[in-house]
Amino acid sequence: MLHPGARSPRVGVIQNALDCYTDLTRRRVELAREFGELASIGLSPEELDLRMYFGKQDKLRQQIAELGYLWVVGGNTFVLRKAFAQCGFDSIIQDLCRREDFIYAGYSAGVCVLGPTLHGIHLADDPDAVATGYAEGIIWEGLKLLPYCIAPHYKSDHHETELIDLSVAYYIDHKIPFVALRDGEALVLDTNEL
């Protein structure tokens with residue numbers, strides 16, 4: 001079903017959190033699955049590969065302006081954060097949050113990157129993950145669109161569940177606000193409320 005606030009059924013699917021993995025067949029299968037699920041609720045999915053926009057922020061801004069939604073999938077949070085930085089999505093998303101007709105959605109890394117810091121999630125995702133065409137170094141600062149970190153896959157039937165327990169312990173020990181989400185749970189937020 002279309003969200004009543006979105007002006008277009010077109011959804012850009014961002015898979016860049018998977019760029020550090022080399023199984024291209026699995027990536028294509030996962031993209032086809034994402035497309036199928038999004039199409040089943042009335043959306044028109046298309047891949048939005050941020051690597052094509054590294055150093056081309058204005059071109060990315062124009063592309064996103066034609067979309068009603070972004071769907072950002074899981075993978076490595078640090079690789080995704082770096083992709084956001086290299087294409088200028090950091091500043092683009094600030095503008096998107098002011099639009100009432102745009103929806104940002106996703107899961108796992110696609111949501112973890114929205115918090116104030118990536119400290120804590122480093123116990124589940126490798127901060128040193130390398131992806132072709134990416135700059136060196138680690139970005140520890142999140143996008144700060146949420147005032148808390150997200151701990152995905154909490155107490156779930158997921159291979160990272162035990163690692164997420166370590167992330168939760170880290171957040172508690174370091175007094176970092178967080179929300180733990182089990183697979184299947186969701187947060188729905190209006191950016192005007194943050």
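I started with Asp19, which sits in the loop between strand 1 (10–14) and helix 1 (24–39). A reminder to myself: this is a predicted model.

Next I asked myself: is Asp19 buried or exposed? Its relative accessibility is 9%, and the cut-off for buried is under 20%, so Asp19 counts as buried.

Then I checked what the Asp19 side chain meets. I found a polar contact with the side chain of Asn16 at 2.8 Å. I also found one of 2.4 Å between the side chains of Asp19 and Tyr134. Leaving out residues up to four places away in sequence, I listed Arg27, Arg51, Val79, Ala131 and Tyr134 as the residues that Asp19 touches.

**The second largest pocket**

I moved on to the second largest pocket and noted a volume of about 500 Å³. Which residues lie nearest its centre? I wrote down Leu18, Tyr21, Arg26, Gly74 and Gly75, out of a lining of 21 residues. Sorted by class, that lining holds eight charged, seven polar and six nonpolar residues.

**Strand pairing**

Last, I went back to strand 1 to see how it pairs. Strand 1 runs parallel to strand 3 (residues 69–72), and four bridges join the two. One pair I jotted down is Val11 with its bridge partner Tyr69 in strand 3.

I followed strand 3 onward: four bridges also join it to strand 4 (residues 103–106), again in parallel. Here I noted Leu70, whose bridge partner in strand 4 is Tyr104.

Technical notes. Residues numbered from 1 in each chain as written. Predicted model: local features only at pLDDT ≥ 70, side-chain atom pairs only at ≥ 80, totals over all residues. Heavy atoms only, no water. Buried < 20%, exposed > 50% of the residue type's maximum accessible area, 1.4 Å probe, protein only. Polar contact = N/O pair within 3.5 Å; in protein donor to acceptor, adjacent residues only side chain to side chain. Contact = heavy atoms within 4.5 Å. 1 Å grid on protein atoms, 1.4 Å probe; cavity = no way out; pocket = protein on both sides within 12 Å on 5 of 7 lines; lining within 4 Å. Points joined across faces, edges and corners; volume = space filled by probe spheres on them. Nonpolar A, V, L, I, M, F, W, Y, C, P; charged D, E, K, R; others polar. Pairing = 2+ DSSP bridges.
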